[in-house]
Amino acid sequence: MNEQFIHTKKQPLILFGQLSKSGVNVLHNFEKKSKINMKKQSNIFVAILILMAIQIKAQVEPIAGNWKTWFISSGKDYRLKKPVFNKNEIAEVIAIQQKLSLPDKDKIVYWNAGAPGYRWQDFIGKLWMSDALQNGMLANMLVGVASYDATIAAWDSKYANNRPRPFANDKRIKTFGPKPESPSYPCEYSVVAGVASTIIAHYFPSMADSVNSMAKEVMASRIAAGVAYPSDTKAGYELGKKIAEIEIEKTKNYFNSTPWNGKLPQGQGHWNGQFAAFANAGKSKSIALDSANQFRPGPPPNFAKEMEELKNHNNTARTMAKAFYYDSQPFWEDVLSKKMFEYNVHFNPPLAAKIYATTAIGYYDGMISCFDAKYTYWGIRPEQYDPSFKPVLFESPPFPGYPSGHAAVSSVTSEIYSYFFPKDKTYFQTKAKEVAESRFQGGIHFRTDNDVAIELGKKVAAKILSRLE
(Lines give C-alpha, C1' and ligand atoms only; values in the text may rest on other atoms or scores of the structure.)
Protein backbone atom coordinates (compact mmCIF):
# COMPACT_ATOMS: atom_id res chain seq x y z
CA MET A 1 0.00 0.00 0.00
CA ASN A 2 1.24 3.48 -0.81
CA GLU A 3 1.82 5.69 2.19
CA GLN A 4 1.95 9.44 2.25
CA PHE A 5 3.65 11.44 4.93
CA ILE A 6 2.94 14.89 6.23
CA HIS A 7 4.72 16.71 9.03
CA THR A 8 2.56 17.90 11.90
CA LYS A 9 4.83 18.62 14.84
CA LYS A 10 7.84 16.45 15.60
CA GLN A 11 6.74 13.28 13.84
CA PRO A 12 5.13 12.72 10.45
CA LEU A 13 1.50 11.65 10.41
CA ILE A 14 0.71 8.81 8.04
CA LEU A 15 -2.26 9.60 5.86
CA PHE A 16 -3.83 7.19 3.42
CA GLY A 17 -5.61 7.83 0.18
CA GLN A 18 -9.33 7.42 -0.20
CA LEU A 19 -10.70 4.25 1.30
CA SER A 20 -12.09 2.93 -1.98
CA LYS A 21 -8.76 3.26 -3.76
CA SER A 22 -6.83 1.74 -0.87
CA GLY A 23 -9.31 -1.10 -0.60
CA VAL A 24 -8.90 -1.90 -4.30
CA ASN A 25 -5.11 -1.95 -3.94
CA VAL A 26 -5.32 -4.25 -0.92
CA LEU A 27 -7.70 -6.64 -2.62
CA HIS A 28 -5.54 -6.71 -5.73
CA ASN A 29 -2.50 -7.63 -3.63
CA PHE A 30 -4.48 -10.35 -1.89
CA GLU A 31 -5.40 -11.97 -5.20
CA LYS A 32 -1.73 -12.16 -6.17
CA LYS A 33 -0.80 -13.85 -2.89
CA SER A 34 -2.75 -17.08 -3.34
CA LYS A 35 -0.71 -18.97 -0.76
CA ILE A 36 -2.21 -16.95 2.06
CA ASN A 37 -5.34 -18.64 3.32
CA MET A 38 -8.68 -16.82 3.26
CA LYS A 39 -8.88 -16.40 7.02
CA LYS A 40 -5.48 -14.78 7.19
CA GLN A 41 -6.39 -12.51 4.29
CA SER A 42 -9.54 -11.43 6.09
CA ASN A 43 -7.66 -10.66 9.30
CA ILE A 44 -5.08 -8.58 7.45
CA PHE A 45 -7.77 -6.71 5.54
CA VAL A 46 -9.68 -5.91 8.75
CA ALA A 47 -6.48 -4.78 10.46
CA ILE A 48 -5.66 -2.47 7.58
CA LEU A 49 -9.14 -0.95 7.62
CA ILE A 50 -8.87 -0.37 11.37
CA LEU A 51 -5.49 1.29 10.89
CA MET A 52 -6.96 3.50 8.18
CA ALA A 53 -9.78 4.55 10.46
CA ILE A 54 -7.35 5.38 13.25
CA GLN A 55 -5.13 7.46 11.00
CA ILE A 56 -7.99 9.33 9.34
CA LYS A 57 -9.58 10.06 12.69
CA ALA A 58 -6.20 11.34 13.92
CA GLN A 59 -6.67 14.24 11.56
CA VAL A 60 -9.29 15.68 13.93
CA GLU A 61 -6.45 17.08 16.11
CA PRO A 62 -8.34 17.10 19.46
CA ILE A 63 -5.48 18.92 21.22
CA ALA A 64 -5.01 21.59 18.55
CA GLY A 65 -6.58 24.09 20.94
CA ASN A 66 -3.25 23.99 22.79
CA TRP A 67 -1.10 24.81 19.76
CA LYS A 68 1.01 27.95 19.76
CA THR A 69 -0.63 31.05 18.35
CA TRP A 70 0.97 34.08 16.69
CA PHE A 71 -0.88 37.27 17.59
CA ILE A 72 -3.19 36.17 20.39
CA SER A 73 -2.10 34.87 23.77
CA SER A 74 -3.62 31.41 23.39
CA GLY A 75 -6.68 29.62 22.09
CA LYS A 76 -8.15 29.00 25.53
CA ASP A 77 -8.20 32.72 26.32
CA TYR A 78 -10.96 33.03 23.71
CA ARG A 79 -12.99 30.02 24.80
CA LEU A 80 -16.69 30.42 24.10
CA LYS A 81 -19.43 29.83 26.63
CA LYS A 82 -21.18 26.49 26.50
CA PRO A 83 -24.02 26.60 23.95
CA VAL A 84 -27.57 26.00 25.12
CA PHE A 85 -29.19 23.17 23.22
CA ASN A 86 -32.30 24.29 21.35
CA LYS A 87 -34.52 21.68 19.68
CA ASN A 88 -35.83 24.38 17.37
CA GLU A 89 -32.43 24.42 15.65
CA ILE A 90 -32.88 20.82 14.59
CA ALA A 91 -36.21 21.71 13.05
CA GLU A 92 -34.59 24.73 11.39
CA VAL A 93 -31.86 22.61 9.77
CA ILE A 94 -34.44 20.08 8.54
CA ALA A 95 -36.63 22.85 7.12
CA ILE A 96 -33.69 24.39 5.28
CA GLN A 97 -32.73 21.05 3.78
CA GLN A 98 -36.26 20.39 2.60
CA LYS A 99 -36.24 23.63 0.61
CA LEU A 100 -32.82 23.28 -1.00
CA SER A 101 -32.66 24.45 -4.60
CA LEU A 102 -30.03 23.54 -7.17
CA PRO A 103 -28.21 26.88 -6.63
CA ASP A 104 -28.22 26.17 -2.88
CA LYS A 105 -26.63 22.78 -3.51
CA ASP A 106 -24.05 24.38 -5.79
CA LYS A 107 -23.08 26.73 -2.96
CA ILE A 108 -22.74 23.80 -0.57
CA VAL A 109 -20.34 22.11 -3.00
CA TYR A 110 -18.40 25.34 -3.58
CA TRP A 111 -17.93 26.51 -0.01
CA ASN A 112 -17.35 23.08 1.50
CA ALA A 113 -14.59 22.18 -0.94
CA GLY A 114 -11.19 22.02 0.70
CA ALA A 115 -10.18 23.29 4.12
CA PRO A 116 -12.03 26.24 5.72
CA GLY A 117 -9.44 28.66 4.34
CA TYR A 118 -9.25 27.23 0.83
CA ARG A 119 -11.59 29.64 -0.96
CA TRP A 120 -10.46 32.64 1.08
CA GLN A 121 -6.76 32.00 0.46
CA ASP A 122 -7.47 31.81 -3.25
CA PHE A 123 -9.45 35.05 -3.07
CA ILE A 124 -6.85 37.08 -1.17
CA GLY A 125 -4.10 35.56 -3.31
CA LYS A 126 -5.65 37.10 -6.40
CA LEU A 127 -6.55 40.37 -4.65
CA TRP A 128 -3.60 41.50 -2.60
CA MET A 129 -1.26 42.44 -5.43
CA SER A 130 -3.81 45.01 -6.62
CA ASP A 131 -2.79 47.13 -3.63
CA ALA A 132 0.57 45.59 -2.81
CA LEU A 133 2.31 48.93 -2.30
CA GLN A 134 0.00 49.90 0.53
CA ASN A 135 -1.97 47.26 2.39
CA GLY A 136 -1.91 44.19 0.20
CA MET A 137 1.11 42.46 1.67
CA LEU A 138 -0.08 42.96 5.24
CA ALA A 139 -3.63 41.87 4.38
CA ASN A 140 -2.38 38.69 2.73
CA MET A 141 -0.28 37.80 5.77
CA LEU A 142 -3.10 38.54 8.21
CA VAL A 143 -5.72 36.43 6.44
CA GLY A 144 -3.43 33.43 6.85
CA VAL A 145 -2.23 34.09 10.40
CA ALA A 146 -5.49 35.34 11.92
CA SER A 147 -7.37 32.42 10.38
CA TYR A 148 -4.93 30.07 12.07
CA ASP A 149 -5.13 31.82 15.46
CA ALA A 150 -8.93 31.86 15.29
CA THR A 151 -9.03 28.18 14.27
CA ILE A 152 -6.92 27.26 17.30
CA ALA A 153 -9.29 29.23 19.52
CA ALA A 154 -12.23 27.46 17.86
CA TRP A 155 -10.66 24.06 18.48
CA ASP A 156 -10.26 24.85 22.17
CA SER A 157 -13.97 25.68 22.36
CA LYS A 158 -14.97 22.67 20.27
CA TYR A 159 -13.45 20.14 22.63
CA ALA A 160 -14.31 22.08 25.77
CA ASN A 161 -18.00 21.94 24.81
CA ASN A 162 -18.00 18.75 22.69
CA ARG A 163 -21.28 19.47 20.93
CA PRO A 164 -22.42 16.74 18.49
CA ARG A 165 -22.99 17.66 14.85
CA PRO A 166 -26.60 18.04 13.65
CA PHE A 167 -26.48 14.83 11.60
CA ALA A 168 -25.38 12.95 14.72
CA ASN A 169 -28.30 14.32 16.75
CA ASP A 170 -31.12 13.56 14.36
CA LYS A 171 -31.28 10.92 11.62
CA ARG A 172 -33.64 13.06 9.58
CA ILE A 173 -30.78 15.48 8.91
CA LYS A 174 -28.86 14.61 5.76
CA THR A 175 -25.21 15.34 5.15
CA PHE A 176 -23.94 16.82 1.94
CA GLY A 177 -20.22 16.15 1.73
CA PRO A 178 -17.78 14.62 4.24
CA LYS A 179 -18.92 14.13 7.82
CA PRO A 180 -16.55 16.07 10.11
CA GLU A 181 -15.18 14.13 13.07
CA SER A 182 -14.73 17.22 15.23
CA PRO A 183 -17.44 18.70 17.49
CA SER A 184 -19.88 21.18 16.01
CA TYR A 185 -19.49 24.33 18.10
CA PRO A 186 -18.24 26.73 16.82
CA CYS A 187 -18.32 26.20 13.05
CA GLU A 188 -14.73 26.25 11.76
CA TYR A 189 -15.70 27.42 8.27
CA SER A 190 -17.64 30.33 9.75
CA VAL A 191 -14.64 31.20 11.92
CA VAL A 192 -12.43 31.63 8.87
CA ALA A 193 -15.20 33.45 7.02
CA GLY A 194 -15.39 35.91 9.93
CA VAL A 195 -11.64 36.44 9.86
CA ALA A 196 -11.21 36.78 6.11
CA SER A 197 -14.24 38.97 5.45
CA THR A 198 -13.27 41.33 8.28
CA ILE A 199 -9.66 41.70 7.14
CA ILE A 200 -10.48 42.07 3.45
CA ALA A 201 -13.23 44.60 4.15
CA HIS A 202 -10.80 46.58 6.31
CA TYR A 203 -7.96 46.75 3.80
CA PHE A 204 -10.11 46.75 0.65
CA PRO A 205 -13.23 48.77 1.61
CA SER A 206 -14.69 48.54 -1.88
CA MET A 207 -14.91 44.77 -1.40
CA ALA A 208 -16.79 44.94 1.92
CA ASP A 209 -20.27 44.16 0.57
CA SER A 210 -18.95 41.30 -1.54
CA VAL A 211 -16.97 39.57 1.19
CA ASN A 212 -19.74 40.00 3.75
CA SER A 213 -22.15 38.33 1.32
CA MET A 214 -19.61 35.56 0.79
CA ALA A 215 -19.34 35.01 4.56
CA LYS A 216 -23.12 34.68 4.82
CA GLU A 217 -23.06 32.10 2.03
CA VAL A 218 -20.43 30.11 3.89
CA MET A 219 -22.52 30.06 7.05
CA ALA A 220 -25.69 29.11 5.19
CA SER A 221 -23.89 26.34 3.30
CA ARG A 222 -22.68 24.66 6.50
CA ILE A 223 -26.19 24.64 7.94
CA ALA A 224 -27.69 23.33 4.72
CA ALA A 225 -24.99 20.64 4.53
CA GLY A 226 -26.21 19.30 7.88
CA VAL A 227 -22.85 19.77 9.61
CA ALA A 228 -23.54 22.90 11.69
CA TYR A 229 -26.37 24.52 13.61
CA PRO A 230 -27.22 28.19 13.09
CA SER A 231 -25.78 28.93 16.53
CA ASP A 232 -22.52 27.20 15.52
CA THR A 233 -22.13 29.43 12.48
CA LYS A 234 -23.07 32.61 14.35
CA ALA A 235 -20.61 31.88 17.17
CA GLY A 236 -17.90 30.94 14.68
CA TYR A 237 -18.31 34.07 12.60
CA GLU A 238 -18.26 36.33 15.66
CA LEU A 239 -15.16 34.61 17.07
CA GLY A 240 -13.34 35.01 13.75
CA LYS A 241 -14.38 38.64 13.44
CA LYS A 242 -13.24 39.40 16.99
CA ILE A 243 -9.80 37.88 16.51
CA ALA A 244 -9.41 39.56 13.11
CA GLU A 245 -10.14 42.97 14.63
CA ILE A 246 -7.62 42.35 17.42
CA GLU A 247 -4.92 41.36 14.95
CA ILE A 248 -5.64 44.23 12.55
CA GLU A 249 -5.08 46.63 15.42
CA LYS A 250 -1.98 44.82 16.65
CA THR A 251 -0.27 44.88 13.25
CA LYS A 252 -1.49 48.25 11.95
CA ASN A 253 2.03 49.72 11.86
CA TYR A 254 3.88 46.61 10.75
CA PHE A 255 4.24 47.24 7.03
CA ASN A 256 6.14 50.39 6.06
CA SER A 257 4.43 51.80 2.99
CA THR A 258 6.13 55.19 3.11
CA PRO A 259 6.56 56.39 -0.48
CA TRP A 260 9.99 56.65 -2.09
CA ASN A 261 11.61 60.07 -1.61
CA GLY A 262 12.87 60.11 -5.19
CA LYS A 263 16.56 60.04 -4.27
CA LEU A 264 18.90 57.65 -6.10
CA PRO A 265 22.32 56.61 -4.80
CA GLN A 266 25.30 58.36 -6.32
CA GLY A 267 27.90 56.64 -8.49
CA GLN A 268 27.84 54.03 -11.22
CA GLY A 269 26.60 50.47 -10.89
CA HIS A 270 23.38 51.28 -9.04
CA TRP A 271 19.80 50.72 -10.11
CA ASN A 272 18.48 53.90 -11.73
CA GLY A 273 14.80 53.48 -12.55
CA GLN A 274 12.18 56.21 -12.61
CA PHE A 275 10.05 54.81 -9.78
CA ALA A 276 11.23 52.71 -6.86
CA ALA A 277 8.43 50.44 -5.62
CA PHE A 278 8.44 49.07 -2.05
CA ALA A 279 11.30 51.46 -1.26
CA ASN A 280 10.72 51.25 2.50
CA ALA A 281 9.36 47.71 2.74
CA GLY A 282 12.64 46.59 4.28
CA LYS A 283 11.93 48.86 7.24
CA SER A 284 8.75 46.94 8.07
CA LYS A 285 8.32 45.01 11.29
CA SER A 286 8.92 41.29 10.81
CA ILE A 287 6.79 38.45 12.17
CA ALA A 288 9.16 35.57 12.94
CA LEU A 289 12.52 37.26 12.32
CA ASP A 290 14.26 39.54 14.78
CA SER A 291 14.23 42.18 12.06
CA ALA A 292 14.04 42.42 8.30
CA ASN A 293 17.83 42.81 8.12
CA GLN A 294 18.61 39.79 10.33
CA PHE A 295 19.98 37.80 7.38
CA ARG A 296 21.01 40.66 5.12
CA PRO A 297 23.57 39.34 2.60
CA GLY A 298 26.81 41.10 1.71
CA PRO A 299 27.03 43.58 -1.17
CA PRO A 300 26.72 42.45 -4.80
CA PRO A 301 29.80 41.85 -6.95
CA ASN A 302 30.87 43.69 -10.07
CA PHE A 303 28.51 42.20 -12.62
CA ALA A 304 30.88 42.41 -15.63
CA LYS A 305 31.41 38.64 -15.98
CA GLU A 306 27.77 37.88 -15.25
CA MET A 307 26.68 40.38 -17.87
CA GLU A 308 28.74 38.47 -20.42
CA GLU A 309 27.22 35.19 -19.27
CA LEU A 310 23.74 36.62 -19.68
CA LYS A 311 24.48 38.04 -23.15
CA ASN A 312 25.94 34.70 -24.27
CA HIS A 313 22.99 32.71 -22.97
CA ASN A 314 20.99 31.16 -25.79
CA ASN A 315 17.33 30.94 -24.92
CA THR A 316 15.08 28.27 -26.38
CA ALA A 317 11.31 28.15 -26.68
CA ARG A 318 11.27 26.09 -23.49
CA THR A 319 13.41 28.48 -21.43
CA MET A 320 11.43 31.48 -22.64
CA ALA A 321 8.20 29.69 -21.78
CA LYS A 322 9.48 29.12 -18.24
CA ALA A 323 10.43 32.77 -17.92
CA PHE A 324 6.93 33.91 -18.88
CA TYR A 325 5.21 31.18 -16.87
CA TYR A 326 6.90 31.89 -13.54
CA ASP A 327 6.63 35.63 -14.14
CA SER A 328 2.86 35.49 -14.48
CA GLN A 329 1.43 32.41 -12.74
CA PRO A 330 0.82 31.72 -9.01
CA PHE A 331 2.82 28.51 -9.07
CA TRP A 332 3.39 28.16 -5.32
CA GLU A 333 -0.24 28.84 -4.43
CA ASP A 334 -1.41 26.28 -6.98
CA VAL A 335 0.99 23.57 -5.89
CA LEU A 336 0.03 24.06 -2.24
CA SER A 337 -3.64 23.50 -3.04
CA LYS A 338 -2.69 20.37 -4.97
CA LYS A 339 -0.57 18.95 -2.15
CA MET A 340 -3.17 19.68 0.50
CA PHE A 341 -5.74 17.72 -1.48
CA GLU A 342 -3.29 14.91 -2.28
CA TYR A 343 -2.47 14.47 1.40
CA ASN A 344 -6.08 14.96 2.59
CA VAL A 345 -5.07 17.95 4.71
CA HIS A 346 -8.42 19.55 3.90
CA PHE A 347 -9.95 17.10 6.41
CA ASN A 348 -7.70 18.56 9.11
CA PRO A 349 -8.65 22.25 9.56
CA PRO A 350 -6.08 23.13 12.26
CA LEU A 351 -3.20 21.66 10.26
CA ALA A 352 -4.43 23.28 7.04
CA ALA A 353 -4.65 26.63 8.83
CA LYS A 354 -1.15 26.15 10.20
CA ILE A 355 0.26 25.54 6.73
CA TYR A 356 -1.54 28.56 5.29
CA ALA A 357 -0.32 30.77 8.15
CA THR A 358 3.28 29.61 7.96
CA THR A 359 3.28 30.15 4.20
CA ALA A 360 1.80 33.64 4.62
CA ILE A 361 4.51 34.54 7.12
CA GLY A 362 7.10 33.15 4.71
CA TYR A 363 5.86 35.46 1.96
CA TYR A 364 5.81 38.45 4.28
CA ASP A 365 9.12 37.99 6.10
CA GLY A 366 10.76 36.76 2.91
CA MET A 367 9.66 39.83 0.98
CA ILE A 368 10.68 42.42 3.56
CA SER A 369 14.05 40.68 4.04
CA CYS A 370 14.64 40.73 0.30
CA PHE A 371 13.64 44.38 -0.04
CA ASP A 372 15.84 45.34 2.88
CA ALA A 373 18.79 44.05 0.84
CA LYS A 374 17.52 45.54 -2.42
CA TYR A 375 17.40 49.06 -1.06
CA THR A 376 20.55 48.71 1.00
CA TYR A 377 22.63 47.99 -2.11
CA TRP A 378 20.49 49.28 -5.01
CA GLY A 379 21.78 46.46 -7.21
CA ILE A 380 21.65 47.32 -10.90
CA ARG A 381 19.52 45.41 -13.42
CA PRO A 382 21.06 43.81 -16.56
CA GLU A 383 19.43 46.15 -19.10
CA GLN A 384 20.68 49.14 -17.06
CA TYR A 385 24.18 47.71 -16.79
CA ASP A 386 24.29 47.24 -20.57
CA PRO A 387 21.60 49.27 -22.40
CA SER A 388 22.20 47.23 -25.57
CA PHE A 389 20.86 44.14 -23.80
CA LYS A 390 17.15 43.37 -24.32
CA PRO A 391 15.52 41.10 -21.71
CA VAL A 392 13.16 38.34 -22.80
CA LEU A 393 10.63 39.69 -20.30
CA PHE A 394 10.68 43.08 -22.09
CA GLU A 395 11.14 45.23 -19.01
CA SER A 396 12.22 44.49 -15.48
CA PRO A 397 10.31 45.29 -12.26
CA PRO A 398 10.47 48.81 -10.77
CA PHE A 399 12.99 48.11 -8.03
CA PRO A 400 16.65 47.03 -7.68
CA GLY A 401 17.66 43.56 -8.79
CA TYR A 402 19.91 42.26 -6.00
CA PRO A 403 18.73 39.89 -4.60
CA SER A 404 15.87 38.40 -6.64
CA GLY A 405 12.45 38.60 -5.00
CA HIS A 406 11.07 35.65 -6.98
CA ALA A 407 14.03 33.49 -5.99
CA ALA A 408 13.94 34.55 -2.32
CA VAL A 409 10.22 33.92 -1.83
CA SER A 410 10.41 30.66 -3.80
CA SER A 411 13.24 29.49 -1.57
CA VAL A 412 11.34 30.37 1.61
CA THR A 413 8.22 28.68 0.33
CA SER A 414 9.96 25.51 -0.84
CA GLU A 415 11.54 25.09 2.60
CA ILE A 416 8.20 25.59 4.36
CA TYR A 417 6.44 23.14 2.06
CA SER A 418 9.27 20.66 2.57
CA TYR A 419 8.72 20.87 6.32
CA PHE A 420 5.05 19.98 6.05
CA PHE A 421 5.36 17.61 3.10
CA PRO A 422 8.84 16.08 3.59
CA LYS A 423 8.28 13.33 1.03
CA ASP A 424 8.20 16.02 -1.69
CA LYS A 425 11.24 17.99 -0.52
CA THR A 426 13.30 17.28 -3.64
CA TYR A 427 10.43 18.39 -5.87
CA PHE A 428 9.95 21.68 -4.01
CA GLN A 429 13.64 22.54 -3.94
CA THR A 430 14.00 21.69 -7.62
CA LYS A 431 11.11 24.01 -8.42
CA ALA A 432 12.62 26.81 -6.34
CA LYS A 433 15.81 26.58 -8.38
CA GLU A 434 13.77 26.47 -11.58
CA VAL A 435 11.92 29.65 -10.61
CA ALA A 436 15.22 31.36 -9.81
CA GLU A 437 16.75 30.24 -13.10
CA SER A 438 13.70 31.54 -14.97
CA ARG A 439 14.58 35.07 -13.83
CA PHE A 440 18.02 34.67 -15.40
CA GLN A 441 16.44 33.18 -18.51
CA GLY A 442 14.04 36.11 -18.61
CA GLY A 443 17.03 38.45 -18.64
CA ILE A 444 16.01 40.55 -15.66
CA HIS A 445 18.42 39.11 -13.08
CA PHE A 446 22.07 38.22 -12.89
CA ARG A 447 22.89 34.75 -11.60
CA THR A 448 24.24 36.14 -8.34
CA ASP A 449 20.89 37.84 -7.70
CA ASN A 450 19.30 34.40 -7.69
CA ASP A 451 22.00 32.46 -5.84
CA VAL A 452 22.10 34.94 -2.97
CA ALA A 453 18.32 35.03 -2.82
CA ILE A 454 18.07 31.24 -2.54
CA GLU A 455 20.38 31.27 0.48
CA LEU A 456 18.55 34.20 2.04
CA GLY A 457 15.26 32.35 1.65
CA LYS A 458 16.61 29.24 3.37
CA LYS A 459 17.72 31.27 6.38
CA VAL A 460 14.40 33.08 6.64
CA ALA A 461 12.46 29.81 6.41
CA ALA A 462 14.62 28.13 9.05
CA LYS A 463 13.90 30.96 11.47
CA ILE A 464 10.15 30.80 10.81
CA LEU A 465 10.03 27.03 11.17
CA SER A 466 11.96 27.17 14.44
CA ARG A 467 9.02 29.09 15.88
CA LEU A 468 6.69 26.17 15.21
CA GLU A 469 8.45 23.66 17.45
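Visitor: Is F278 buried or exposed?

Guide: In this predicted model, F278 counts as buried because its relative accessible area is 13%, and buried here means under 20%.

Visitor: Where does F278 lie?

Guide: F278 lies in the loop between helix 10 and helix 11, the latter covering residues 304-312. Its phi is near 55°, which is a positive value in a residue other than glycine.

Visitor: What about W378, what is its phi?

Guide: W378 has a positive phi of about 55°, although W378 is not a glycine. This residue comes just after helix 14, in the loop between helix 14 and helix 15.

Visitor: And is W378 buried or exposed?

Guide: W378 is buried, with a relative accessible area of 12%.

Visitor: What span should helix 14 have, and how far apart are its ends?

Guide: Helix 14 runs over residues 349-377, and at 1.5 Å a residue its 29 residues should span 42 Å. The C-alpha atoms at its ends are 42 Å apart, which agrees with that expectation.

Visitor: Changing topic, how many cavities does a search of the whole structure find?

Guide: The search finds 3 cavities of 30 Å³ or more, and the largest cavity holds about 80 Å³ of space.

Visitor: Which elements give two or more residues to the lining of the largest cavity?

Guide: Those elements are helix 6, covering residues 132-161, and helix 14. Helix 14 gives the most to this lining, with 4 residues.

Visitor: Which residues line the largest cavity?

Guide: The lining includes A115, P116, G117 and Q121, along with G144, S147 and T151, and also V192. P349, A352, A353 and Y356 are among the lining residues as well.

Visitor: How many of the lining residues are nonpolar, polar or charged?

Guide: The lining of the largest cavity divides into 7 nonpolar and 5 polar residues, with no charged ones.

Visitor: Now the cis peptide bonds. Which residue is joined to P186 by one?

Guide: Y185 is joined to P186 by a cis peptide bond, with omega about 0°. P186 lies in the loop between helix 7, which covers 166-169, and helix 8, which covers 188-203.

Visitor: What joins Y402 and P403?

Guide: A cis peptide bond joins Y402 and P403, and there omega is about -10°. P403 is found in the loop between helix 15, at 382-385, and helix 16, at 405-420.

Visitor: Which residue elsewhere touches Y402?

Guide: T448 touches Y402, and it also touches P301, F303 and E306, leaving aside residues up to four places away in sequence. T448 is found in helix 18, which covers residues 447-466, and at 17% relative accessibility T448 counts as buried.

Visitor: One more, K250. Where is its place?

Guide: K250 has its place in helix 10, which covers residues 230-250. With a relative accessible area of 46%, K250 is partly exposed.

Visitor: What does the side chain of K250 reach?

Guide: The side chain of K250 reaches the backbone oxygen of F71 at 3.4 Å. The C-alpha atoms of K250 and I72 are separated by 9.5 Å, while these two residues are 178 residues apart along the chain.

Terms used: Residues are numbered from 1 along each chain as its sequence is written. This is a predicted model: local features need pLDDT of at least 70, side-chain atom pairs count only at pLDDT 80 or more; totals for chains, interfaces and linings use all residues. Side-chain values use heavy atoms; hydrogens and water are left out. The expected span of a helix is 1.5 Å times one less than its number of residues. Buried means under 20% relative accessible area, exposed over 50%, partly exposed in between (1.4 Å probe, protein chains only). A polar contact is a pair of N or O atoms within 3.5 Å; within protein, one must be able to donate a hydrogen and the other to accept it, and residues adjacent in sequence count only if both atoms are side-chain atoms. On a 1 Å grid over the protein atoms alone, a cavity is a set of points where a 1.4 Å probe fits but cannot get out, and a pocket is an open set with protein on both sides within 12 Å along at least five of seven lines; lining residues have an atom within 4 Å of a point. Grid points are joined across faces, edges and corners, and a volume is the space filled by probe spheres set on the points. Ala, Val, Leu, Ile, Met, Phe, Trp, Tyr, Cys and Pro count as nonpolar, Asp, Glu, Lys and Arg as charged, and the others, Gly among them, as polar. Contact means heavy atoms within 4.5 Å.
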